[in-house]
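Subject: Structure handover

Hello,

Please find the structure below. My notes on it follow.

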Amino acid sequence: MDVSEGEFSVIEFYDNGTHAYVARELDAKSAVELAKACIDTALVLGGVVNQIVITDGGGFTAFQWERGKGIVFTERS
């Protein structure tokens with residue numbers, strides 16, 4: 001996959017069990033910058049956002065942040 005293509009999505013997961021796509025079809029750099037901005041906002045708001053993830057075009061989690069844990073590294077199976 002060419003990481004310059006719009007293959008990444010940023011998703012926020014909320015306290016009430018719902019989630020929302022913040023943006024779709026981003027290039028890798030834009031997705032990381034947006035996720036960082038979302039994390040900074042979540043830390044300021046405190047208690048609204050539980051998790052922020054970046055998924056790739058295949059639906060795999062490429063990046064994951066969790067409130068109280070920070071960036072979480074997961075293994076692909």
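Aspartate 56 counts as buried, because its relative accessibility is 14% (buried means under 20% relative accessible area, exposed over 50%, partly exposed in between; 1.4 Å probe, protein chains only). Aspartate 56 sits in the loop between β3 and β4. Its side chain reaches the backbone nitrogen of glycine 58 at 2.9 Å.

Before the rest, the ground rules. This is a predicted model, so to speak with limits: local features need pLDDT of at least 70, side-chain atom pairs count only at pLDDT 80 or more, and totals for chains, interfaces and linings use all residues. Residues are numbered from 1 along each chain as its sequence is written, and side-chain values use heavy atoms, with hydrogens and water left out.

Overall layout

The protein has one helix and five strands. Helices (H or I, at least four residues) and strands (E, at least two) are DSSP runs, numbered from the N terminus. From the N terminus on, the order is β-β-α-β-β-β. The protein has 77 residues, and 29% of them count as buried. Contact means heavy atoms within 4.5 Å. Of the contacts with a separation of 6 or more, 34% come from residues 24 or more positions apart.

The sheet

The five strands form an open sheet, ordered β2-β1-β3-β4-β5, with antiparallel pairing (two strands pair if DSSP finds at least two bridges between them). β2 (19-26) and β5 (70-71) are at the edges with a single partner strand each, so one side of each has no neighbour in the sheet. Helix α1 (residues 28-45) packs on the sheet and touches β1 (8-14), β2, β3 and β4. The direction of α1 makes about 175° with that of β3; axes are lines fitted to C-alpha atoms, for helices over the stretch in contact, and angles run from 0 to 180 degrees between N-to-C directions.

Strand by strand

- β1: five of its seven residues are buried, so the rest of the structure largely encloses it.
- β1 and β2: five bridges, antiparallel. Isoleucine 11 has tyrosine 21 of β2 as its bridge partner. Their hairpin has four residues between the strands, and glycine 17 there takes a positive phi near 90°.
- β1 and β3: six bridges, antiparallel. Tyrosine 14 has valine 49 of β3 as its bridge partner.
- β3 (residues 49-55) and β4 (residues 61-66): five bridges, antiparallel. Threonine 55 has threonine 61 of β4 as its bridge partner.

Two spots on β2

Alanine 23 lies in strand β2. Alanine 23 is buried, with a relative accessible area of 18%. Leaving out residues up to four places away in sequence, alanine 23 touches Phe8, Ser9, Val10 and Leu34.

Arginine 24 lies over the face of tyrosine 21, at 3.6 Å from the ring centre. The test asks for NZ of Lys or CZ of Arg within 6 Å of the ring centre and within 35 degrees of the ring normal.

How many aromatic pairs does the whole structure hold? The search finds zero. Rings of Phe, Tyr and Trp (its six-membered ring) pair if their centres lie within 6.5 Å; planes under 30 degrees apart count as stacked, over 60 as edge-to-face and the rest as tilted.

Best regards

Conventions:
Polar contact = N/O pair within 3.5 Å; in protein donor to acceptor, adjacent residues only side chain to side chain.
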